[in-house]
Amino acid sequence: MIEVKNLVKTYGNFKAVDGISFTAENGKITVLLGPNGAGKSTTIKSIAGLLKFDGEILIDGYDNHDIEAKRVFGYIPEAANLYDNLTVREHLSFIKKAYDVKGDGYEKELLSLFELEEKVDVTAKELSKGMKQKLSMMMALVTRPDSLLVDEPMIGLDPMAIENTLKLLKKLKDNGVAVLISTHIIDIIDDIYDEAYIIDKGVLKAHVSKSELNLNSLKDEFLRITAGDEKHE
């Protein structure tokens, strides 16, 4: 579970996030949405422990900066952060050793799912953008996290990889993982999300449950709530 409680982040005199609170529950896919400049990226980076902030963020009940939280937390950033001269195999081995992950069954399953079996000995600098994103996802998933934060997961992926990613996210949800997704491609996740939080100008505007939307799509609800903005994420 990912719990954000009264999150506040300021840059000088500018308040990027102003008292946001929400929860991504286990066994659900939760989506974070917001127009340009809404504070979405700041919120994501705060949850991942990349920014200092006021308020409280808990991962499975642990402060998000504690080692116990990091052990059960997976983060897939928008841009893959890889080591140019390490191979796919070496990246996965590094993460598994850092998290003391035993066995290679799940690693092989992920390599097959993302169609990288034949690229295991290829260095990161030789991979395409889409393959780098796939490797970034595998690095977060190979530890079998209880809570997963995903920032723009579909960027650079081909249609088949997008479909496989959606199936994997649903599988993780069914296995009790708390999945929190930040994305601007609303149509893609409309079929898989359970809860959505919409922020604008640094404040929480709405909490939308899929079960309560009736015939409206999440995109329609998002546009209704953020009406007046010229650009949307």
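Among contacts in the protein between residues at least 6 apart in sequence, what percentage join residues at least 24 apart? The share is 67%, where a contact means heavy atoms within 4.5 Å. The model is a predicted one, in which local features need pLDDT of at least 70 and side-chain atom pairs count only at pLDDT 80 or more, while totals for chains, interfaces and linings use all residues. Residues are numbered from 1 along each chain as its sequence is written, and side-chain values use heavy atoms, with hydrogens and water left out.

Turning to the overall fold, eight helices and 10 strands make up the secondary structure; these are DSSP runs (helices H or I, at least four residues; strands E, at least two), numbered from the N terminus. About 50 × 40 × 30 Å is spanned by the C-alpha trace along its principal axes. Of the 233 residues, 49% count as buried, with buried meaning under 20% relative accessible area, exposed over 50% and partly exposed in between (1.4 Å probe, protein chains only).

Two aromatic pairs are present in the structure. Rings of Phe, Tyr and Trp (its six-membered ring) pair if their centres lie within 6.5 Å, and planes under 30 degrees apart count as stacked, over 60 as edge-to-face and the rest as tilted. F22 and Y197 form a tilted pair, 5.2 Å centre to centre with 40 degrees between the planes. F22 is buried at 4% relative accessible area, and Y197 is buried at 9%. Y83 and F94 form an edge-to-face pair, 6.1 Å centre to centre with 80 degrees between the planes.
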